[in-house]
Amino acid sequence: MTLILPMIGGGYIPAGGVVWTNPDLTNASYDSVSFSVVSETTNAEDIHFHPDGLVMFILDGTSDELLRYTLTTAWDITTATYTDFFELGVEESRVKAIAFKSDGTSFYSTGADDDNVNQYNLTTAWDITTASFSQSFSVATQTGTPHGLTFKPDGTEMYVTDSSVFQYALSSAWDISTASYNSVSFDLSSQDSSPQEAVFNPDGDKMYIAGDSSGSILQYSLSTAWNVSTASYDSISFVTGGFGTGQERDPNGVFFKPDGSKMWVVGSRN
């Protein structure tokens, strides 16, 4: 299991003072940088970083654990060391995706068995060993196999990915008990038969999909920010690997550096 690091001009989570440059995936190239997590998991489902790039989180879809790694050099995954984990299997037996609140005081997971989004609160921000289960929200009416989970940076919108991206409004930011499906979705099946995750740029007018069946990251534009029903495929993608490339041809998770200069991909094949 390997983390793949292409270089592009895009990003995902904005940080204070960091200027985001929207990516054009046609300009992406593999950086020849990877980090194996096979000692901890053979099924990496998702990836997330602390905003300073010194902590990396990997979702283990085999043991249903959230794994934490520390990096001695920010954003350089070759300097990562496994630290500890948090058990998610009590709430979900086939975890597929994670998302963090912007300040690190909560994280969220979803999976293909229980059809819920689960919320965990942390007494110490970003320290998953201090996490405890808080509550859950069912998405079963929209999907029986949720694979991806993303939030708007202010916590007022939530997006769950299956063959479509489904959009939910939260009347109280980051509190999933206040979520409601607003009958907004976007069908991804024309581009990929097994989409895994959707992530957005900070402005909400670009969306990127990890496509398992196409082995690609796919790029979309939204004519109305954060409204996935206005999305259209840009006919732009980045192939994350093929036979013999040493990269990941079954991408499950994708993460962008806050300044838009790097993209990380994890998956279940390499």
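**Aromatic pairs in close-up**

Trp226 is buried in this predicted model, with a relative accessible area of 9%. The legends below describe aromatic ring pairs.

**View A. Aromatic pairs and the contact of Phe49 with Phe255.** The structure holds 27 aromatic pairs. One of them joins Phe49 and Phe255, whose ring centres are 5.3 Å apart. The planes of these two rings meet at 50°, so the pair is classed as tilted, given that stacked requires under 30 degrees and edge-to-face over 60. Phe49 belongs to strand E3 (residues 44-49) and Phe255 to strand E19 (residues 251-256).

**View B. The tilted pair of Phe200 and Trp226.** The ring centres of Phe200 and Trp226 lie 5.3 Å apart, and the angle between their planes is 45°. Phe200 is located in strand E15 (residues 195-200), whereas Trp226 sits in the loop between strand E17 (216-222) and strand E18 (231-239). Because the two residues are 26 apart in sequence, their pair ties together separate parts of the chain. Phe200 is buried, with a relative accessible area of 1%; the corresponding value for Trp226, also buried, is 9%.

**View C. A cluster of linked aromatic rings.** Phe57, Phe86, Phe100 and Phe107 are connected through ring pairs with Tyr120, Trp126 and Phe133, and together these residues form a cluster.

Notes: Residues are numbered from 1 along each chain as its sequence is written. This is a predicted model: local features need pLDDT of at least 70, side-chain atom pairs count only at pLDDT 80 or more; totals for chains, interfaces and linings use all residues. Side-chain values use heavy atoms; hydrogens and water are left out. Rings of Phe, Tyr and Trp (its six-membered ring) pair if their centres lie within 6.5 Å; planes under 30 degrees apart count as stacked, over 60 as edge-to-face and the rest as tilted. Helices (H or I, at least four residues) and strands (E, at least two) are DSSP runs, numbered from the N terminus. Buried means under 20% relative accessible area, exposed over 50%, partly exposed in between (1.4 Å probe, protein chains only).
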